[in-house]
Amino acid sequence: MTAGTVLAALSWSPAAQAQPAPSFEAECGTLREKLAQLQPGDEELVVIDVVGPLTMVEHDGTLGYMAVCEAPDPQVLCITYRINDYEVGDRVILSGGLNVIDEGHIRLDPCLHYPPEPQ
């Protein structure tokens, strides 16, 4: 195997494509408190996990939009490619790059989603 072949194989591996580990996991009610504890660097990608029931699920043919949490908690929007078979009310974990829009709105982009572990 040549070095080029190894590099090509590594560049397509799932581990190479994964995002950084989340800084924290929060439910909607604890999200504001967890955000206040963050001390990210200027250019650092901060990934968080937010757990809650979906309040919105839409797909425009190219991108999917999923949201959890409602006021008074910050609303969290996940921009993704697939929404799978999720429906409003399904409990999910949204995991993605943190982008605070304002005090009441957060966008996770890039964003992954998956069901929480059974309790």
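Start with the secondary structure: the protein has 3 helices and 6 strands, taken as DSSP runs numbered from the N terminus (helices H or I, at least four residues; strands E, at least two). From the N terminus on, the order is α-α-β-α-β-β-β-β-β. This is a predicted model, in which local features need pLDDT of at least 70 and side-chain atom pairs count only at pLDDT 80 or more, while totals for chains, interfaces and linings use all residues. Residues are numbered from 1 along each chain as its sequence is written, and side-chain values use heavy atoms, with hydrogens and water left out.

Next, select the largest nonpolar core, which has 22 residues. Such a core is a set of buried Ala, Val, Leu, Ile, Met, Phe, Trp, Tyr and Cys residues joined through side-chain atoms within 4.5 Å; buried means under 20% relative accessible area (1.4 Å probe, protein chains only). Leu31, Ile48, Val68, Val76 and Leu94 touch the most other members. Elements giving two or more residues to this core include helix H3 (31–36), strand E3 (64–68) and strand E5 (91–102). E2 gives the most, with 4 residues.

Now centre on Val68. Not counting residues up to four places away in sequence, Val68 touches Cys28, Val50, Gly52, Pro53, Leu54, Thr55, Pro74, Gln75, Val76, Val92 and Leu94, where a contact means heavy atoms within 4.5 Å.

Then move to Pro115, in the segment after E6. Leaving aside neighbours within four places in sequence, Pro115 is in contact with Tyr86 and Arg91. Pro115 and Arg91 are 24 residues apart in sequence and 6.7 Å apart in space, C-alpha to C-alpha.

Finally, show the whole protein: buried residues make up 30% of its 119 residues.

Conventions. Buried means under 20% relative accessible area, exposed over 50%, partly exposed in between (1.4 Å probe, protein chains only).
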